[in-house]
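Please examine the sequence and the three-dimensional model shown below.

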Amino acid sequence: MNKQRFADACSIVTETKREYHQIGTLGEKTLHAVVKHYIEPDVTKHEKKVGSFHADIVTENGIFEIQTRSFNALRKRLNFFLEHYTVTIVYPLPKTKWLLWIDKQTGEVSKKRKSPKTGRIYDAVHELYKIRPLLNHPNLKLHVVFIDMEEYRYLDGWSENKKKGSSRYDRHPLEITDEILFNAKSDYLQFIPPDLEEQFTTKDYKQAAKINLRTAQTILNILNYIGAVKRTGKTGNLHIYERNTF
């Protein structure tokens, strides 16, 4: 983790955005742009055509795809890229987030309010499930970046206060706080709480990780699929799991 390089990336994108508001040439969202400049400061390696697709970054170390939204959009590109390159999916997640609301009619922006939720690695799980068939590919790597950020949303939702169902305008990174790399199957054991017993069920996992049952089931489905854990039996209707050794 390089906090200074991240701060430099924020400064570069902020200045570019300022020019955009004057000449209207940049449509890239702020979070995506900052993370791209952080991963690779050399802009000559950005937005390179590979086959019929465009890759965010292409270097001697392979392709880097910055994905700030649904992983569903990655599948076609990944199927092609992985046959020819090492591919690292870079997934930025909010660690601490402040919300600001924009009135579409007046343009007024509310004071920022800190979200009570703190980002955790488990927040990546439901997106990973969308590309589960590719997670065993030897050329695929994952790089999760935790960032403190401000999120701007329009007051255009369906609820009385117009917040539920609202649309997001942009996210502004403030500071990088952590990075987690998944370069091999053994790295996925980072999803297992260290105080979990050698053998455990989904219920045990849910309680140890302090997550909901659906998320626990999804994680263990992924970990079992890629071979990071194995099923060793059942107790009632629950599978019993063990960590695999590597």
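In which strand does Leu142 lie? Leu142 belongs to strand S6, where strands (E, at least two residues) and helices (H or I, at least four residues) are DSSP runs, numbered from the N terminus. The model is a predicted one, in which local features need pLDDT of at least 70 and side-chain atom pairs count only at pLDDT 80 or more, while totals for chains, interfaces and linings use all residues. Residues are numbered from 1 along each chain as its sequence is written, and side-chain values use heavy atoms, with hydrogens and water left out.

Leu142 has a relative accessible area of 3% and is therefore buried; buried means under 20% relative accessible area, exposed over 50%, and partly exposed in between, with a 1.4 Å probe and protein chains only. Setting aside neighbours within four places in sequence, Leu142 is in contact with Ile89, Tyr91, Leu128, Ile180, Leu181, Phe182 and Tyr188, contact meaning heavy atoms within 4.5 Å. Leu142 and Tyr188 are 46 residues apart in sequence, yet their C-alpha atoms are 9.9 Å apart in space.

Tyr188 leads on to the core. The largest nonpolar core has 43 residues, and those with the most contacts inside it are Leu78, Leu140, Tyr188, Phe191, Tyr205 and Leu223. Such a core is a set of buried Ala, Val, Leu, Ile, Met, Phe, Trp, Tyr and Cys residues joined through side-chain atoms within 4.5 Å. At least two residues of this core come from each of helix H3 (75–81), S4, helix H4 (125–129), S6, S7, helix H5 (202–209) and helix H6 (213–226). H6 supplies the largest share, 6 residues. Leu140, leaving aside its neighbours within four places in sequence, is in contact with Leu78, Leu82, Val87, Ile89, Ile131, Leu134 and Leu135. Another core, of 18 residues, lies apart from this one and has Phe6, Val35, Phe64 and Val145 among its members.

Aromatic rings form a further theme. The whole structure holds 13 aromatic pairs; rings of Phe, Tyr and Trp (its six-membered ring) pair if their centres lie within 6.5 Å, and planes under 30 degrees apart count as stacked, over 60 as edge-to-face and the rest as tilted. Tyr122 and Phe191 make a tilted pair, because their planes stand at 45 degrees, with ring centres 6.4 Å apart. This pair links distant parts of the chain, 69 residues apart: Tyr122 is in the loop between strand S5 (113–114) and H4, and Phe191 in the loop between S7 and strand S8 (199–200). Tyr122 is buried, with a relative accessible area of 9%, and Phe191 is buried at 2%. Phe191 also pairs with Tyr188, in a stacked arrangement with 6.4 Å centre to centre and 25 degrees between the planes. Ring pairs join Tyr122, Phe182, Tyr188, Phe191, Phe200, Tyr205 and Tyr241 into a cluster.

Within helix H6 lies Thr218, which is buried, with a relative accessible area of 13%. Beyond its neighbours within four places in sequence, Thr218 is in contact with Val125, His126 and Tyr129.
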